[in-house]
Amino acid sequence: MLTETRFGGRRQVVKVSLHQGVTLVPLVDETRRGKMVIPDRKDVSAHAWVLEHLQQMTEWLNAHGALLLRGFNVTDADAFRQVVEATQGTLLNYTHRSTPRKSISAGIYSSTEYPADQHIPQHNEMSYTQNWPTRLFFYCAVKPGDGGQTPLADSKRMYQCLPADLIERFDRHGVMYVRNYGLGLDLSWQDVFQTEEVSEVERYCTENGIQFEWLSEGRLRTRQVCQATIRDKHSGQGIWFNQAHLFHVSSLPPETERELRLEFCEIDLPRNTLFGDGTPIPAADLATIRAAYQQEELVFDWEEGDILIVDNETMSHGRRPFKTPRSIMVAMT
């Protein structure tokens, strides 16, 4: 079946599939992963539909990496929670944090609260650790005034398009994440580990393979070597899965990077990445990774009430700058 639909500001002819009272259309275009699920009636409950068609939804998510539920009756955080719980995943707490968020309710958070004029690069959630959520859920409570998209990128396509020698270097060494807490320039260790207790931080680090070192004036330095790539559970395909480009100091605006390098030596930077053996990651490699992400981005505009379900292992996400208002809630399972 063919129809004309407007996606991403461009009118194009797309194939439409009808299933179980919903219409399945490409999120951006037919050549890329990601689908939009639209109910055939306006009064359809997202919670009820997911409960009844969970197996079908899971198959679509495995095949397409991301599903945008649009036009369902989702009006608030409680309705969002019901949809997440209907997928039978366990809501996760956001521990070992990398960005500031507000807690809406147990397991429901605001999206990253960086200033509206800032761009958040592509990343797979918590791929800077050795344990990460399998699925992400985003709910658009308030449509952005302008911009504010949550672009996606196919992590399997990233693996395919990056140079083989670059992947080999990263796989051979892994990625080391170095974080320095207590400088007043990033999240505090209390925020990151969600505790005021030194013993709890040490316990968490020991259990999760994180080296820790207490410094003067209550400062903390951690180091952890994590994976650069993983394998798809279903196909065995390679997946690019790390945040080397995002944690690296060069991800900051040039003037900010310059100021930090003047003030701190390499090991004392608030956050940074190295190869797992402690050697620097070449600037050319980081530039190649960032260019590949830019090429692979899938961009759609939010509508109020949208729920985006993302396979966190096979699809990364980011954020475009925006004009207020904008309220996107997040849950992880």
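Let's start at Gln88, which is found in the loop between helix H3 (77-86) and strand S7 (103-105); helices (H or I, at least four residues) and strands (E, at least two) are DSSP runs, numbered from the N terminus. This is a predicted model, where local features need pLDDT of at least 70 and side-chain atom pairs count only at pLDDT 80 or more, while totals for chains, interfaces and linings use all residues. Residues are numbered from 1 along each chain as its sequence is written, and side-chain values use heavy atoms, with hydrogens and water left out.

**Backbone details to look for**

- Gln88 has a positive phi of about 70°, although it is not a glycine.
- Going from Thr324 to Pro325, the peptide bond is cis, with omega near 5°.
- Pro325 sits in the loop between strand S21 (322-323) and strand S22 (327-332).
- For background, most residues other than glycine have a negative phi, and most peptide bonds are trans.

**The annotated domain**

- An unreviewed UniProt entry lists residues 52-331 as "domain: TauD/TfdA-like"; such annotations may be inferred rather than shown by experiment, feature names are shortened, and positions are given in the numbering used here.
- Over residues 52-331, the chain is 29% helix and 26% strand, and the end C-alpha atoms are 21 Å apart.

**A sheet of four strands**

- The strand order in this open sheet is S14-S15-S13-S18, with antiparallel pairing (two strands pair if DSSP finds at least two bridges between them).
- Strand S14 (211-214) and strand S18 (271-275) are at the edges with a single partner strand each, so one side of each has no neighbour in the sheet.
- From one strand to the next, the twist averages 15°.
- Strand S13 (residues 175-181) pairs with strand S15 (residues 220-226) in the antiparallel sense over seven bridges.
- To find your place in this pair, look for Tyr181, which stands opposite Leu220 in S15.
- Helix H7 (residues 198-207) lies across S14 and S15 and runs at about 155° to S14; axes are lines fitted to C-alpha atoms, for helices over the stretch in contact, and angles run from 0 to 180 degrees between N-to-C directions.

**A sheet of three strands**

- Here the order is S9-S20-S12, again an open sheet with antiparallel pairing.
- Strand S9 (120-123) and strand S12 (152-154) are the edge strands, and each pairs on one side only.
- The twist averages 15° from one strand to the next.
- S12 and strand S20 (residues 315-319) are joined in the antiparallel sense by three bridges, and Ala153 stands opposite Ser316 in S20.

- The axes of helix H5 (residues 164-173) and helix H10 (residues 283-296) come within 11 Å and cross at roughly 110°.
- That angle makes H5 roughly perpendicular to H10 (65 to 115 degrees counts as roughly perpendicular, under 35 as roughly parallel, over 145 as roughly antiparallel and the rest as oblique).
- Leu166, Arg169 and Phe170 of H5 make the contact with Asp285, Thr288 and Ile289 of H10 (contact means heavy atoms within 4.5 Å).
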